[in-house]
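Please view the sequence and the structure together while reading the points below.

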Amino acid sequence: MRKVLLAAAATLAHAAVEVLVNGGFDDIGTAVPEGWGGLTYYVGGPVTLPGWTVEAGSVDLTHTNSVWGPSADGLYSLDINGWSQGTIAQSFATILGRLYTVSFAYSRNPANAPFIATATVSAGGESEGVTALGDGSFGGLSSMDWERGGFTFVGTGETETLRLA
């Protein structure tokens, strides 16, 4: 069971130009915050997360002012496992030979995550796995702390997919 919060996980840039739609997860679309204070997006659900496809399970967006805050950047952070283990993805065009940088922040959901929480960020044939231990190093409710990660890949001239799982 994975339970890692990701923020700005979709910041994918070439020469500091954002390539993704809604890479920071601040556009919630037509979703309405639920009673627990966040938003949940499901495979085939009634609302979509702009720019993203939920490929498996469900994902949550949590507001920076909620008990799952503060977010690393912007108003929302993504909990890759909403009510079930989730995967989201976004496809984008690349230019042959150009270097692309994927950068993200990650933390641990302080509510009911396993002691060892993991996630994987992948794109362009590269990936980075992250681990967030429940030892207090990622803060707690209303005081989340974040680590940063990232990697680069070379564009193929084809469509690539950024996937968070």
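A residue is called buried under 20% relative accessible area, exposed over 50%, and partly exposed in between, with a 1.4 Å probe and protein chains only as cover. The structure is a predicted model, in which local features need pLDDT of at least 70, side-chain atom pairs count only at pLDDT 80 or more, and totals for chains, interfaces and linings use all residues. Residues are numbered from 1 along each chain as its sequence is written, and side-chain values use heavy atoms, with hydrogens and water left out.

**The open sheet**

- Strands are DSSP runs of type E with at least two residues, numbered from the N terminus, and two strands pair if DSSP finds at least two bridges between them.
- Strands of a sheet pair through backbone hydrogen bonds, either parallel or antiparallel.
- Five strands form an open sheet in the order β4-β7-β14-β9-β10, and their pairing is antiparallel.
- The edges are taken by β4 (53-56) and β10 (126-133); each has a single partner strand, so one side of each is left without a neighbour in the sheet.
- On average, neighbouring strands of this sheet are turned by 25° against each other, direction ignored; the axes behind this angle are lines fitted to C-alpha atoms, and angles in general run from 0 to 180 degrees between N-to-C directions.
- Within the sheet, β7 (residues 87-93) and β14 (residues 159-164) are joined by six bridges in the antiparallel sense, and Ser 91 stands opposite Thr 161 in β14.

**Strand β5 and its partners**

- Strand β5 (residues 58-63) has five of its six residues buried, so it is largely enclosed by the rest of the structure.
- β3 pairs with β5 in the antiparallel sense over five bridges, with Gly 38 opposite Thr 62 in β5.
- β5 also pairs with β6, again antiparallel, over four bridges; there, Asp 60 has Asp 79 in β6 as its bridge partner.

**Aromatic pairs**

- A pair of aromatic rings is described by the distance of the centres and the angle of the planes.
- Rings of Phe, Tyr and Trp (its six-membered ring) pair if their centres lie within 6.5 Å; planes under 30 degrees apart count as stacked, over 60 as edge-to-face and the rest as tilted.
- The count by this rule is seven aromatic pairs.
- In one of them, the rings of Trp 36 and Trp 83 have centres 6.4 Å apart and planes at 90°, so the pair is edge-to-face.
- Trp 36 is in the loop between β2 (17-18) and β3 (38-42) and Trp 83 in the loop between β6 (76-79) and β7, 47 residues apart.
- Trp 36 is partly exposed at 24% relative accessibility, whereas Trp 83 is exposed at 58%.
- Tyr 100 and Phe 153 form a stacked pair, 5.4 Å centre to centre with 15° between the planes.
- Tyr 100 lies in strand β8 (residues 99-108) and Phe 153 in strand β13 (residues 147-154), so this pair ties together parts that are 53 residues apart in sequence.
- Tyr 100 is buried at 3% relative accessibility, and Phe 153 is buried with a relative accessible area of 3%.
- One aromatic cluster is formed by Trp 36, Trp 68 and Trp 83.

**Salt bridges**

- A salt bridge is a side-chain nitrogen of Lys or Arg within 4 Å of a carboxyl oxygen of Asp or Glu, and a search of the whole structure finds two.
- Glu 55 forms a salt bridge with Arg 163, and their closest N and O atoms are 2.6 Å apart.
- Because Glu 55 lies in strand β4 and Arg 163 in strand β14, the pair ties together parts that are 108 residues apart in sequence.
- Glu 55 is partly exposed at 38% relative accessible area, and Arg 163 is partly exposed at 30%.
- Asp 73 and Arg 148 meet in a salt bridge at 3.1 Å, N to O.
- Asp 73 lies in the loop between β5 and β6 and Arg 148 in strand β13, so the pair ties together parts that are 75 residues apart in sequence.
- Asp 73 is partly exposed at 33% relative accessible area, while Arg 148 is exposed at 55%.
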